[in-house]
Amino acid sequence: MEDELRVRKIRNGTVIDHIPAGNALTVLKILGISGKEGNTISIAVNVPSSKAGRKDIVKIEDRELEPQEVDIIALIAPNATINIIRTFKVVEKNRVKLPKTVKGYPHCRNPNCVTNTNEPVEPLFTLRSKDPLRIRCHYCKIIMDKKDIIKNL
Ligand SMILES: [Zn+2]
């Protein structure tokens, strides 16, 4: 309840909770949110949390997330919960799951990778390790860590 008081309740949209402290802006980047979309976005950074010490929370009004977006969020925030809000009520609460593969994002860090040429080939990665986070490009087999992922979103 205390968390709810920090950021006002939303009517419809998505609340992403339990983001590791300091990663809220990366989550916005994953979602392609620049602030120019017109809907209200609330961000709480370094909120005290009984579970994790500190955490970030992002509330996005009038938007629900695509499964592909949730997969990338899971890489950056493996303990995040995604709450879908409709008329002020949480209608769905899901903990993210680390995907075995991610498609579409991030871009491969290898400039010569087929996914970075003009070929119509979408980035595709497989999860190699959870902690530390490592994903491997399906095409050029290069390994990317968390820093590489954030840099190439
Ligand atoms: Zn590649």
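**View 1. The zinc ion sits in a tetrahedral site of this predicted model.** The angles among its 4 donor atoms run from 100 to 116°. The protein donors are the SG atoms of Cys 108, Cys 113, Cys 137 and Cys 140. They lie 2.3 to 2.4 Å from the zinc ion. Along the chain, the donors follow the spacing C-x4-C-x23-C-x2-C. Cys 113 and Cys 140 link distant parts of the chain, 27 residues apart. Cys 113 belongs to the loop between β6 (101–103) and β7 (124–129). Cys 140 belongs to the loop between β8 (134–137) and β9 (143–145). Cys 113 is buried, at 1% relative accessibility. Cys 140 is partly exposed, at 26%.

**View 2. A salt bridge joins Lys 55 and Asp 17.** The N to O distance is 3.0 Å. Lys 55 is in strand β3 (residues 53–61) and Asp 17 in strand β1 (residues 13–20). The two residues are 38 residues apart, and both are buried. The model has 4 salt bridges in total.

**View 3. Glu 69 pairs with Arg 63 in a salt bridge.** Their closest N and O atoms are 2.6 Å apart. Glu 69 is buried, with a relative accessible area of 15%. Arg 63 is partly exposed, at 22%.

**View 4. Glu 64 and Arg 86 form a salt bridge.** The N to O distance is 3.1 Å. Glu 64 lies in the loop between β3 and α3 (67–76), and Arg 86 in strand β4 (residues 81–86), so the pair ties together parts 22 residues apart in sequence. Glu 64 is partly exposed, at 36%. Arg 86 is also partly exposed, at 39%.

**View 5. Leu 25, Ile 43 and Val 45 form a nonpolar surface patch.** Together they have about 270 Å² of accessible area. Leu 25 is in helix α2 (residues 24–30). Leu 25 is exposed, with a relative accessible area of 60%.

Conventions
Residues are numbered from 1 along each chain as its sequence is written. This is a predicted model: local features need pLDDT of at least 70, side-chain atom pairs count only at pLDDT 80 or more; totals for chains, interfaces and linings use all residues. Side-chain values use heavy atoms; hydrogens and water are left out. Donors are N, O and S atoms within 2.8 Å of the metal (3.2 Å for Na, K and Ca); water is not among the atoms, so sites may look incomplete. Four donors count as tetrahedral if all angles lie between 85 and 135 degrees; four count as square planar and six as octahedral if opposite donors are over 155 degrees apart and all others between 65 and 115; anything else is irregular. Helices (H or I, at least four residues) and strands (E, at least two) are DSSP runs, numbered from the N terminus. Buried means under 20% relative accessible area, exposed over 50%, partly exposed in between (1.4 Å probe, protein chains only). Patches are made of residues with over 30% relative accessible area and no salt bridge: like charges are joined within 9 Å, nonpolar side chains (Val, Leu, Ile, Met, Phe, Trp, Tyr) within 5 Å. Accessible areas come from the Shrake-Rupley method with a 1.4 Å probe; for residues, only the protein chains shown count as cover. A salt bridge is a side-chain nitrogen of Lys or Arg within 4 Å of a carboxyl oxygen of Asp or Glu.
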